[in-house]
Protein chains: 2
Amino acid sequence: MIGAGGVATVAAFKIAQNADVFTEFMIASRRKAKCDKIVEDIHKAGLKLDIKTAQVDADDVEQLKALFNDFKPELVINLALPYQDLTIMDACLACGCNYLDTANYEPKDEAHFEYSWQWAYRDRFREAGLTAILGCGFDPGVTSIYTAYAAKHHFKEIQYLDIVDCNAGDHHKAFATNFNPEINIREITQKGLYWENGQWVETEPLEIHKDLNYPNIGPRDSYLLHHEEIESLVINYPTIKRARFWMTFGQQYLKHLEVIQNIGMSRIDEVEYEAPLADGTGTAKVKIVPLQFLKAVLPNPQDLGENYEGETSIGCRIRGIGNDGKEHTYYIYNNCSHRAAYEETGMQGVSYTTGVPAMIGAMMFCKGLWKKPGVFNVEEFDPDPFMEQLNKQGLPWHEIHDGDLEL
Amino acid sequence: MIGAGGVATVAAFKIAQNADVFTEFMIASRRKAKCDKIVEDIHKAGLKLDIKTAQVDADDVEQLKALFNDFKPELVINLALPYQDLTIMDACLACGCNYLDTANYEPKDEAHFEYSWQWAYRDRFREAGLTAILGCGFDPGVTSIYTAYAAKHHFKEIQYLDIVDCNAGDHHKAFATNFNPEINIREITQKGLYWENGQWVETEPLEIHKDLNYPNIGPRDSYLLHHEEIESLVINYPTIKRARFWMTFGQQYLKHLEVIQNIGMSRIDEVEYEAPLADGTGTAKVKIVPLQFLKAVLPNPQDLGENYEGETSIGCRIRGIGNDGKEHTYYIYNNCSHRAAYEETGMQGVSYTTGVPAMIGAMMFCKGLWKKPGVFNVEEFDPDPFMEQLNKQGLPWHEIHDGDLEL
């Protein structure tokens, strides 16, 4: 596993809980001390798995290759930054390793995400006889598997898909992002995008929003965003007439976001800046990306867990033609308590809901259930064994048949 | 003159307009190119004064001394950063130069301003036979001179003094500060302070505010701040029972300020940060003060002039016992148009209202009208010749006798 942030911490805990499947495990990241800390916390929690750690710069293919040739992993779980997907895939191909990630590649210099870069690896993974599993977190990941499950068991034809992502938690900070602030702010400040009648429709950032009711939570203002799983789902389910993604934001969060943009701190270009060297030997002209510097002063998402109250609720609202030939609606979702996630892993619910599916995806691969040469989005595999594990591993799902979808 | 920002640009224009008084003039700053640009703009505007330029780091007393020994200025006009007041005063003492500034010394590592540090130079300037004129901008500066003028001509006893500072301009930016953002944000985020019945009363930042009506502008929400001229005025006019300072802020400005604090970008401590070197030779660990970095991404106050509409209105509202032994009120103020300031000097009104008084103060010194050994606040000199120049140099004043002060 590459990465040692909040999601990686959760995945490591869940891997250690499933030591019957995961017999050998290494955590590598840019700072080895962070990996060692995760192992220490896992052992403190009474889990026994022997876990190796290593230092690696995931931007550097040669370093990755040296590490993979040394440890010889069967599967590389990529929980590093989305910028690093391609270097890690390159190293996997060079060393004969299978691959799994939770977020698609983004170039560092534009806030833009799509699968094209990673889909371009299909031939090479297929020819190498290696499996690459893309987007195996919650959204993308579980939301795609929910859709696959609905298509397999409940619908002859899925026509309308709305993925709804609500975080009704309260971390008691004036402002903090729930995952890497750099990635979070890039995602929200880009234009909205949805699929309708065979084409993409673009909106201004956060232009479309409406109140949606979430189970056990109530109404929350929800904003239409572009989200990567829509891109593959409309290809893999061509009967879909409209597919959209919605995420809740509070007014306080949006106010902070607006100001962060107004003052120039969401910029992702480099600013030249002269600063004193930390070792006191003078000053140096450095290049600083404002959004990356902002990350250094914002609360660390990994530190939000302790006083985080409330729940997340993420699911799919689907309308289409059922197996009986009639129109049906279907809402499948999971609610996750921030506090329960923290008590189990020391991390809040947003890290938990991403890290647990990453582990289950790895489990699917290791059990030989999700294993075929090529590059695949998760809805291209059998959803049933994954859905079974969701119930066992802390992310149980619930279904509402023929309810009001509000959408 | 040390400094090459917006205020310095205005002062240089006005000095060049008064070439009968200012026969030799040099502009020095950390970046000589900025000084050369000011000279170029002054000459483009048809003003003929021969102006020298030089490079100097105002943090470095030895560099300042070398420059002063070379150019041998009679008066050093300090329009650099408030952190640099003391190094410049030290160099003046060492080289036998007189001194004038517009803002009192602040230590770099705490948002705190008071005159004690500069008043501690009184003996040394007196013994050296040198004059130091402190706080000769608009506020402090003209507001202190307005008070001196009121005391000289209209009041036997000033009892209540409210300095009111309104910027009703619109620069058409989502957020920008009107002068150095670092200094501006430090000033506003510190606790409020006012003088009442012989003692200082502290308030939370921006705790006290009320709508005040400004001439030609109308009502604006005005916030009680600590401002440095109050400190010397209550000493020099001991009959004052209450002295306060008010500044207007719009809701949009305050929203941005709140968020800047919440996200940690107003911090003035150093954050260690690793960044790529601008010359591409690797990365370096540097120390960055968030508020200083924010300054690098916010609009430059010097660039606000072009589309700046509206006016500033700054004045003193005074109540006390008149020369006739009866209670009187008195409101003396100047309104300054951002557009007119820009057309004359290329800078907006906030720079203009500070730079013009700095030039007039220098003129008072050069004419021998404000010249006595020691360190003085501007109200300790004769206000009359200064008041006369205000009307001639672009900052005419207006008086309202026995009106409603609202305070």
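The buried residues of helix α4 of chain B are D85(B), L86(B), T87(B), I88(B), M89(B), A91(B), C92(B) and C95(B), where buried means under 20% relative accessible area, exposed over 50% and partly exposed in between (1.4 Å probe, protein chains only). Helices (H or I, at least four residues) and strands (E, at least two) are DSSP runs, numbered from the N terminus. Helix α4(B) spans residues 85-95, and eight of its 11 residues are buried, so the helix is largely enclosed by the rest of the structure. G96(B), which follows α4(B), has a positive phi near 70 degrees.

The model is predicted: local features need pLDDT of at least 70 and side-chain atom pairs count only at pLDDT 80 or more, whereas totals for chains, interfaces and linings use all residues. Residues are numbered from 1 along each chain as its sequence is written, chains are lettered from A and ligands numbered from 1 in the order in which they are written, and side-chain values use heavy atoms, with hydrogens and water left out.

Chain A contains 14 helices and 17 strands. Its radius of gyration is 21 Å, close to the 22 Å that the globule rule gives for 407 residues, so chain A is as compact as a globular protein of that length. The radius is taken over C-alpha atoms, and the rule is 2.2 Å times the number of residues to the power 0.38. Along the principal axes, the C-alpha atoms of chain A fill a box of roughly 75 × 50 × 40 Å. Of the 407 residues of this chain, 59% count as buried. Contact means heavy atoms within 4.5 Å; among contacts in chain A between residues at least 6 apart in sequence, 72% join residues at least 24 apart. The accessible surface of chain A (Shrake-Rupley method, 1.4 Å probe; for residues, only the protein chains shown count as cover) comes to about 15700 Å², with 45% belonging to carbon and sulfur atoms. The mean positions of the 38 positive and 60 negative charges of chain A are 2 Å apart. In this count Lys and Arg are positive and Asp and Glu negative, while His and the chain ends are not counted; the place of a charge is NZ of Lys, CZ of Arg, CG of Asp or CD of Glu.

Between the chains, 34 residues of chain B are in contact with 34 residues of chain A. The area buried between them is about 2900 Å², and carbon and sulfur atoms give 70% of it. Buried area here is the accessible area (1.4 Å probe) that two parts lose on being put together, summed over both. I263(B), Y273(B) and F293(B) supply 22% of the area that chain B buries against chain A, more than any other three residues.

Several residues were examined individually. In chain A, M26(A) lies in strand β1 (residues 25-29) and is buried, with a relative accessible area of 9%. Not counting residues up to four places away in sequence, M26(A) touches M1(A), K52(A), T53(A), A54(A), L67(A) and F71(A). M26(A) and F71(A) are 45 residues apart in sequence, and their C-alpha atoms are 8.1 Å apart.

In chain B, K14(B) belongs to helix α1 (residues 6-17) and is buried at a relative accessible area of 2%. Beyond its neighbours within four places in sequence, K14(B) is in contact with E344(B), Y352(B), V356(B), M359(B) and Q393(B). R317(B), in strand β14 (residues 311-322), is buried with a relative accessible area of 2%. With neighbours within four places again left aside, the contacts of R317(B) include Y160(B), D162(B), Y214(B), Y330(B), E406(B) and L407(B). The C-alpha atoms of R317(B) and L64(B), 253 residues apart along the chain, are separated by 40 Å.

Backbone geometry was also considered. A cis peptide bond joins D139(A) and P140(A), with omega about 5 degrees; P140(A) is in the loop between β5 (131-134) and α7 (142-153) of chain A. In chain B, the peptide bond from D139(B) to P140(B) is cis, with omega near 5 degrees, and P140(B) is in the loop between β5 (131-134) and α7 (142-153) of that chain. N216(B), which is not a glycine, has a positive phi of about 65 degrees. N216(B) is located in the loop between β9 (209-214) and β10 (218-225) and is exposed, with a relative accessible area of 66%. D402(B), also not a glycine, has a positive phi of about 55 degrees. D402(B) is in the segment after β17 (398-401) and is partly exposed, with a relative accessible area of 47%.
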